[in-house]
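Hi,

Here is the model I promised to pass on.

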8 protein chains.
Amino acid sequence: MKDHRTMKVYLSGEIHTDWRDRIIEGAKGLDLSFAAPVTDHAASDDCGVEILGAEPDKFWHDRKGAQVNAIRTRHGIETADIVVVRFGEKYKQWNAAFDAGYAAALGKSLIILHPEEHDHALKEVDAAALAVARTPEQVVGVLRYVLTGTLG
Amino acid sequence: MKDHRTMKVYLSGEIHTDWRDRIIEGAKGLDLSFAAPVTDHAASDDCGVEILGAEPDKFWHDRKGAQVNAIRTRHGIETADIVVVRFGEKYKQWNAAFDAGYAAALGKSLIILHPEEHDHALKEVDAAALAVARTPEQVVGVLRYVLTGTLG
Amino acid sequence: MKDHRTMKVYLSGEIHTDWRDRIIEGAKGLDLSFAAPVTDHAASDDCGVEILGAEPDKFWHDRKGAQVNAIRTRHGIETADIVVVRFGEKYKQWNAAFDAGYAAALGKSLIILHPEEHDHALKEVDAAALAVARTPEQVVGVLRYVLTGTLG
Amino acid sequence: MKDHRTMKVYLSGEIHTDWRDRIIEGAKGLDLSFAAPVTDHAASDDCGVEILGAEPDKFWHDRKGAQVNAIRTRHGIETADIVVVRFGEKYKQWNAAFDAGYAAALGKSLIILHPEEHDHALKEVDAAALAVARTPEQVVGVLRYVLTGTLG
Amino acid sequence: MKDHRTMKVYLSGEIHTDWRDRIIEGAKGLDLSFAAPVTDHAASDDCGVEILGAEPDKFWHDRKGAQVNAIRTRHGIETADIVVVRFGEKYKQWNAAFDAGYAAALGKSLIILHPEEHDHALKEVDAAALAVARTPEQVVGVLRYVLTGTLG
Amino acid sequence: MKDHRTMKVYLSGEIHTDWRDRIIEGAKGLDLSFAAPVTDHAASDDCGVEILGAEPDKFWHDRKGAQVNAIRTRHGIETADIVVVRFGEKYKQWNAAFDAGYAAALGKSLIILHPEEHDHALKEVDAAALAVARTPEQVVGVLRYVLTGTLG
Amino acid sequence: MKDHRTMKVYLSGEIHTDWRDRIIEGAKGLDLSFAAPVTDHAASDDCGVEILGAEPDKFWHDRKGAQVNAIRTRHGIETADIVVVRFGEKYKQWNAAFDAGYAAALGKSLIILHPEEHDHALKEVDAAALAVARTPEQVVGVLRYVLTGTLG
Amino acid sequence: MKDHRTMKVYLSGEIHTDWRDRIIEGAKGLDLSFAAPVTDHAASDDCGVEILGAEPDKFWHDRKGAQVNAIRTRHGIETADIVVVRFGEKYKQWNAAFDAGYAAALGKSLIILHPEEHDHALKEVDAAALAVARTPEQVVGVLRYVLTGTLG
């Protein structure tokens with residue numbers, strides 16, 4: 001018997017590598033729907049002032065953009081069944097951890113994707129997750145199994 | 001990657017100008033669904049007594065109508081992802097502010113649309129919003145960005 | 001502008017007259033979906049023991065049936081946007097009042113349909129409703145207005 | 001070991017006999033707190049117009065009173081752990097059934113108290129309850145057992 | 001029997017007359033607890049910049065203050081059983097209507113206090129309330145009745 | 001009148017007999033959608049380590065698998081309208097009872113399927129259910145009645 | 001700094017050994033409040049018929065008792081911050097697993113206490129827990145650390 | 001008029017400086033209650049294995065500890081009215097951002113405390129907050145104002 005309902009997956013976090021593409025490509029043929037934040041870094045930083053008017057103060061420039069992005073981000077997380085959060089090698093990535101906490105509080109199924117070097121620093125985040133993966137292909141493996149019940 | 005899920009937008013507030021039409025027209029081609037209160041002023045005022053029977057007392061005349069309208073309004077807000085509330089130059093518009101509070105308490109993404117002259121009087125309402133816009137075109141800009149990740 | 005989303009309507013209460021048919025017939029062409037309890041009185045009374053095995057004690061005979069019916073009733077109310085509850089001239093109709101209370105606690109939009117003779121006895125129920133109607137045609141009038149914004 | 005937390009009990013329904021007094025008297029010494037609707041029939045009927053101003057139309061006279069009473073009733077039910085609903089021999093008692101439905105939707109523990117003659121008419125209400133009692137003393141028995149774990 | 005549980009009342013809205021004092025004074029001896037927004041107009045306007053640092057732009061000056069006030073306001077509404085909202089003769093008072101909507105969405109018992117001249121403009125707000133009062137003394141009357149079941 | 005909305009059914013519990021097939025086969029033609037846990041015992045036990053990497057310690061081997069399976073199981077229960085839980089003759093089947101408790105707390109309509117020999121041991125689980133069935137065909141009978149209102 | 005708020009602990013499951021006493025004894029001096037099901041086996045089995053009247057059919061005899069016990073059990077779980085569930089060496093203990101699932105769905109912090117021989121059979125239950133303990137003393141250790149931040 | 005209800009404050013984040021002490025000291029005399037994570041770094045890292053048994057694999061060593069800490073952390077956030085999250089100059093501090101997201105999803109009032117150098121990296125976190133402070137004294141200022149309505 002097959003679970004024929006689509007699952008919705010939100011792909012949060014690091015935007016500098018092709019991990020989202022690898023998951024979406026690898027999951028082809030599965031009944032999944034994907035959403036993600038805006039991954040165009042410049043657009044994401046400037047959307048607030050570009051659309052709603054310039055701000056001389058960088059703090060409010062950032063605030064305006066972050067709130068416009070929040071419309072998309074919250075919708076993505078709140079409507080998701082599964083939230084995948086990727087932590088890369090570099091940067092603070094506090095918004096990724098924030099999304100993970102947000103998703104955890106809503107009871108979403110969390111999959112955390114990160115290299116082993118971050119294991120200790122991410123232990124609280126990992127502890128709220130149902131899977132910790134090292135590669136996008138492992139995430140695909142989890143998604144395939146969850147939908148189809150088959151390994152590989 | 002594209003977030004292909006439709007977002008539902010509720011357009012609350014001022015009913016004397018064409019701001020709703022401008023947003024709907026400007027958002028053509030985007031995967032959005034719009035809802036709004038009844039904007040026919042006379043119908044909105046008299047729906048209760050027209051359908052359910054006359055009331056000699058104006059207070060209960062208004063009550064009957066307001067409750068029938070509430071069936072539509074609450075459904076519109078509760079099923080929305082984004083609630084846009086427009087405050088015009090005139091009138092008390094307490095129902096617009098009420099809708100904004102209602103939407104805020106439900107955790108909806110709020111966009112408030114109003115001229116600068118109302119900035120101080122609307123500061124509590126704006127503070128609960130994710131965007132404050134001055135023109136319907138700016139609202140369209142936010143909606144387009146949120147759905148497509150592109151600016152203009 | 002048109003609110004194009006379907007609304008789901010649950011028709012609870014009295015099962016001895018054709019009020020449900022008159023509402024469904026009158027609402028033809030509107031984007032509405034209707035649900036209702038099982039209105040076959042004998043089936044409704046005996047479903048528990050017919051399906052799950054006889055009970056010598058009438059109390060448990062009734063319990064088994066009432067719980068099987070509750071699967072349908074609760075689903076109908078919980079997935080509804082609008083719950084119409086009809087109280088007829090006869091019988092205790094406590095399940096109708098129970099459904100009204102259940103729907104009220106879930107924040108559903110309530111329309112109560114009953115003759116004037118029950119006004120005082122139903123005052124607490126009416127006070128939780130957004131409309132009190134006297135005829136099925138008035139209910140249709142409310143539903144049409146709520147969906148289309150037009151009177152008649 | 002003793003469950004030392006107070007339980008809050010709301011006593012809804014019939015107001016013409018001394019069943020509430022018998023429960024409260026019988027439960028003396030147990031760590032219980034009781035609440036109830038206003039049981040002064042005249043005050044309950046007229047509170048709205050007495051406090052907020054007369055209404056010539058009996059329908060709105062009743063509405064005003066019912067809504068003022070609802071402030072107390074809803075608070076009583078919403079803060080209760082256990083809701084006892086008593087159906088007497090006479091009257092429609094739709095507000096009792098409404099309260100039972102309201103409490104059921106909120107997941108409260110329901111105890112229904114009624115004579116056997118109402119068994120069939122109350123089967124849907126009973127089916128939502130955790131106990132059906134015939135006498136106030138049985139309700140006391142349930143409350144004592146639930147708090148202390150002892151029978152009699 | 002007496003409902004001995006304290007009710008918490010939040011007094012929202014107009015800050016230029018002594019209506020809050022009259023309610024608190026009139027309700028002496030009742031088991032009520034009151035909360036309210038900061039009613040010192042200057043402190044309320046400037047709290048954000050006074051505590052967290054100046055803003056050259058009035059819009060953000062206001063935002064900072066409105067958000068600090070929101071910590072108090074939301075706590076007051078969210079922990080309240082009853083929310084009283086007063087609309088005075090003057091000013092836009094959109095924050096009052098916003099609070100009313102916020103409270104309504106949370107299912108709080110609403111009492112609206114305003115002169116008759118605002119009846120039509122406030123019809124949607126009144127329609128969400130359980131009582132509409134004209135004087136602080138009427139609000140006291142409702143509170144006393146709800147707690148004690150006695151009229152005057 | 002027909003309740004045309006699809007109901008979603010989750011089939012939890014025992015995986016060694018063909019009860020799921022008999023229900024799905026028997027319910028052909030009804031507007032139902034079914035979901036279930038992975039019923040391939042080996043895949044279910046090893047999914048965690050197969051996809052995410054081996055664990056030398058059996059406890060963590062099991063943990064990894066159980067958490068991956070939880071992504072599917074929780075989604076199945078949380079999106080279901082009706083949860084059927086089957087207890088077979090053998091094994092501890094604690095995950096079946098866990099699922100039943102999980103579904104009960106979410107307010108799902110529960111149908112428990114088990115032989116009479118387990119009646120006493122399952123009395124708390126049965127007491128949270130709306131139907132206790134002995135055969136898959138009885139479950140089909142309940143589902144057919146709930147959807148169509150007809151017996152047999 | 002000390003977290004001075006009391007935590008409420010519900011002790012569910014096995015009733016044949018003194019594990020509850022050992023936890024309560026060991027936790028003396030900590031700001032904890034404990035609750036538990038009725039552990040008098042005979043009273044627990046017969047409470048329904050003893051209080052509410054005999055049932056000739058054992059199935060309904062059990063149902064009546066299980067539902068009366070549910071008033072206590074659900075209150076205990078729903079008001080708890082931490083739910084400890086103990087699985088002993090013998091018996092089916094499906095109500096223990098049911099309680100664990102119920103608590104998990106409500107987002108309670110779960111501690112599961114069982115011998116290693118049950119590790120595989122309890123893997124889904126353990127996977128929903130924040131701690132798996134082998135002895136009551138370990139549970140005390142967790143409670144002490146959570147409250148005081150000290151080890152031993 | 002004074003808001004006499006205690007507010008509960010959770011102090012999340014950085015554990016290497018005395019910011020918590022400065023807030024608690026500064027807030028002396030205010031009706032506030034504080035909670036925090038375990039700030040003894042070694043205890044926090046090792047609590048899982050110290051209490052529940054050693055793990056040879058560092059990943060599971062960390063998991064055990066993180067989950068035991070989660071019992072305290074979640075209780076602290078879930079029972080708080082206000083959550084203050086401090087980001088220091090050093091370390092990844094992903095658990096701080098996780099807590100902020102968790103609190104935001106629960107609708108808690110968030111105050112974020114960090115130096116200006118983190119403004120851009122924390123813009124999404126700040127955008128979910130009601131106040132961004134630079135010093136513990138500013139946090140005290142906000143708490144004092146929120147409780148007493150006075151500045152300084």
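**Where H meets A**

Let me start with one contact: Asp45(A) forms a salt bridge with Lys123(H), and the closest N and O atoms are 3.2 Å apart (a salt bridge here is a side-chain nitrogen of Lys or Arg within 4 Å of a carboxyl oxygen of Asp or Glu). Between chain H and chain A the count is two salt bridges.

Before going on, some housekeeping. This is a predicted model, where local features need pLDDT of at least 70 and side-chain atom pairs count only at pLDDT 80 or more, while totals for chains, interfaces and linings use all residues. Residues are numbered from 1 along each chain as its sequence is written, chains are lettered from A and ligands numbered from 1 in the order in which they are written, and side-chain values use heavy atoms, with hydrogens and water left out.

Back to that interface. There are also 14 residue pairs in polar contact between chain H and chain A, both residues at pLDDT 80 or more (a polar contact is a pair of N or O atoms within 3.5 Å; within protein, one must be able to donate a hydrogen and the other to accept it, and residues adjacent in sequence count only if both atoms are side-chain atoms). On the chain H side, helix 3 (58-78), helix 4 (94-105) and helix 5 (123-127) each supply at least two of the residues that touch chain A. Helix 4 of chain H gives the most, with nine residues. (Helices, H or I with at least four residues, and strands, E with at least two, are DSSP runs numbered from the N terminus.)

In total, 36 residues of chain H are in contact with 36 residues of chain A, contact meaning heavy atoms within 4.5 Å. The area buried between them is about 3,200 Å², and carbon and sulfur atoms give 65% of that (buried area is the accessible area, with a 1.4 Å probe, that two parts lose on being put together, summed over both).

**Where C meets G**

Chain C goes onto chain G with an RMSD of 0.0 Å, again by a turn of 180° and a shift of 0.0 Å along the axis. The two copies are therefore related as by a two-fold rotation axis. Which residue of chain C comes closest to that axis? Trp60(C) does, with its C-alpha at 4.0 Å.

This contact takes six residues from chain C and six residues from chain G, and the two chains bury about 470 Å² between them, 53% of it on carbon and sulfur atoms. Glu55(C), Trp60(C) and Arg63(C) supply 76% of the area that chain C buries against chain G, more than any other three residues. The salt bridge count between chain C and chain G is zero, but two residue pairs are in polar contact, both residues at pLDDT 80 or more. Here too, 100% of the interface residues of chain C are interface residues in chain G, so the copies meet through the same surface.

As for pairs that do not touch, chain A and chain G have their nearest C-alpha atoms 8 Å apart. For chain E and chain G, also without contact, the closest C-alpha atoms lie 18 Å apart.

**Inside a chain**

Over all chains, the structure holds 80 salt bridges. One of them is in chain A, where the side chains of Arg86(A) and Glu14(A) meet at 2.8 Å, N to O. Arg86(A) lies in strand 3 (residues 82-86) and Glu14(A) in the loop between strand 1 (7-13) and helix 1 (19-26) of chain A, so the pair ties together parts that are 72 residues apart in sequence.

Chain B has an open sheet of five strands in the order 2-1-3-4-5, with parallel pairing (two strands pair if DSSP finds at least two bridges between them). Strand 2 (32-35) and strand 5 (131-133) of chain B are at the edges with a single partner strand each, so one side of each has no neighbour in the sheet. The twist averages 25° from one strand to the next, with axes taken as lines fitted to C-alpha atoms, for helices over the stretch in contact, and angles running from 0 to 180 degrees between N-to-C directions.

Cheers

Terms used:
Copies are superposed by least squares on the C-alpha atoms of residues with pLDDT of at least 70 in both.
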